[in-house]
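User: I'm new to this structure and would like a close look at a single part. Could you walk me through how the helices pack?

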Amino acid sequence: MCRSIKTLRPPAIPEDATEEEVRAAALQYVRKVSGFRAPAAHNREVFDRAVDAIAEATAELLAGIEVRGAKSRPAGQAADEAPAA
């Protein structure tokens, strides 16, 4: 496993992961799996698409994961949204 990828859910981090943190983790994953720190020009597009897809999947996972003992929010509600009154 790539040691540069940090846990992005509470309690490992106190607040929800930022988009930048999610993208950085996705980039580290793609680098590890592909074996390229920076791809050659002819591989750049597929490399970038992989980072985008993994970042999207990671954000979806983090939005849906339920951590026991943590304050829960209604399904479909983003962490930065206030609960409906």
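Analyst: Here's a walk through the helix packing and the core around it. Keep in mind that this is a predicted model, where local features need pLDDT of at least 70, side-chain atom pairs count only at pLDDT 80 or more, and totals for chains, interfaces and linings use all residues. Residues are numbered from 1 along each chain as its sequence is written, and side-chain values use heavy atoms, with hydrogens and water left out.

Let's start with the pair itself. Helix α1 covers residues 19-34 and helix α2 residues 44-64; their axes sit 8 Å apart, at an angle of about 130 degrees. (Helices are DSSP runs of H or I, at least four residues, numbered from the N terminus; axes are lines fitted to C-alpha atoms over the stretch in contact, with angles from 0 to 180 degrees between N-to-C directions.) That makes the two helices α1 and α2 oblique to each other, a label for angles that are not under 35 degrees, over 145 or 65 to 115.

Who touches whom? On the α1 side, the residues in contact (heavy atoms within 4.5 Å) include Val22, Ala26 and Val30, and on the α2 side they include Phe47, Val51 and Ala55.

Those six also turn up in the largest nonpolar core, which has 9 residues, Leu8 and Leu62 among them. Such a core is a set of buried Ala, Val, Leu, Ile, Met, Phe, Trp, Tyr and Cys residues joined through side-chain atoms within 4.5 Å, and buried means under 20% relative accessible area. Both α1 and α2 supply at least two residues each. Zooming in on Val30, and skipping neighbours within four places in sequence, its contacts are Gly35, Phe47, Ala50, Val51 and Ile54.

Notes
Buried means under 20% relative accessible area, exposed over 50%, partly exposed in between (1.4 Å probe, protein chains only).
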